[in-house]
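Here are my notes on this one, as promised. Have a look at the model first, then read on.

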Amino acid sequence: MKITDLIIDKSSLGKRLWLVEVVPAYEYKDGKRTDNITGYRYIVAMPDRGLEKIGIKIEGKQIIEAPEGFVEVTFTDLEIFIYWSNGQPQIGARAKSISLVNTKS
């Protein structure tokens, strides 16, 4: 088994995810970035992990605007995986969709 075949349990990120930023994700050809936007990377802070951040890529159109400050969100079909960049293992994440968590009772 290769390390890149492992899928990390999404509970590793903690119970809450706070959306803090949204950035375009670009297509790459021959190792170079093109101007073609393939989706968006939703940058979330993980309060259960000391506010470390991770970008979660969703293909297609932007679903949620970047908040002023942060909002709690949840992801549909979230996957966390390992990939190699410049000879070093990196952590990546992707999902099918994102939605706001309703914090009002």
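How many nonpolar, polar and charged residues does the lining of the largest pocket have? I'll take that up first; keep in mind that this is a predicted model.

1. By class, the lining of the largest pocket comes out as nine nonpolar, two polar and three charged residues. The pocket holds about 270 Å³ of space, and of its 14 lining residues Arg-41, Lys-57, Tyr-83, Gly-92 and Ala-93 are the closest to the centre.

2. Where does that lining come from? At least two residues each are supplied by β2, β3, β4, β6 (79–85) and β7 (88–94). β2 has the largest share, with four residues.

3. On to the second largest pocket, with about 190 Å³ of space. It has 13 lining residues, and those closest to its centre are Lys-10, Leu-17, Thr-74, Phe-75 and Leu-78. Here β5 gives the largest share of the lining, four residues. The split by class is six nonpolar, three polar and four charged.

4. Now the largest nonpolar core: 19 residues, with Tyr-42 and Phe-75 making the most contacts inside it. Two or more residues come from each of β2 (17–29), β3 (32–46), β4 (52–59) and β5 (71–76). β3 provides the largest share, four residues.

5. Setting aside neighbours within four places in sequence, Phe-75 is in contact with Leu-17, Tyr-42, Val-44, Ile-56, Ile-58, Ala-95, Ser-97 and Ile-98.

Key: Residues numbered from 1 in each chain as written. Predicted model: local features only at pLDDT ≥ 70, side-chain atom pairs only at ≥ 80, totals over all residues. Heavy atoms only, no water. Core = buried A, V, L, I, M, F, W, Y, C linked by side-chain atoms within 4.5 Å. Buried < 20%, exposed > 50% of the residue type's maximum accessible area, 1.4 Å probe, protein only. Contact = heavy atoms within 4.5 Å. 1 Å grid on protein atoms, 1.4 Å probe; cavity = no way out; pocket = protein on both sides within 12 Å on 5 of 7 lines; lining within 4 Å. Points joined across faces, edges and corners; volume = space filled by probe spheres on them. Nonpolar A, V, L, I, M, F, W, Y, C, P; charged D, E, K, R; others polar.
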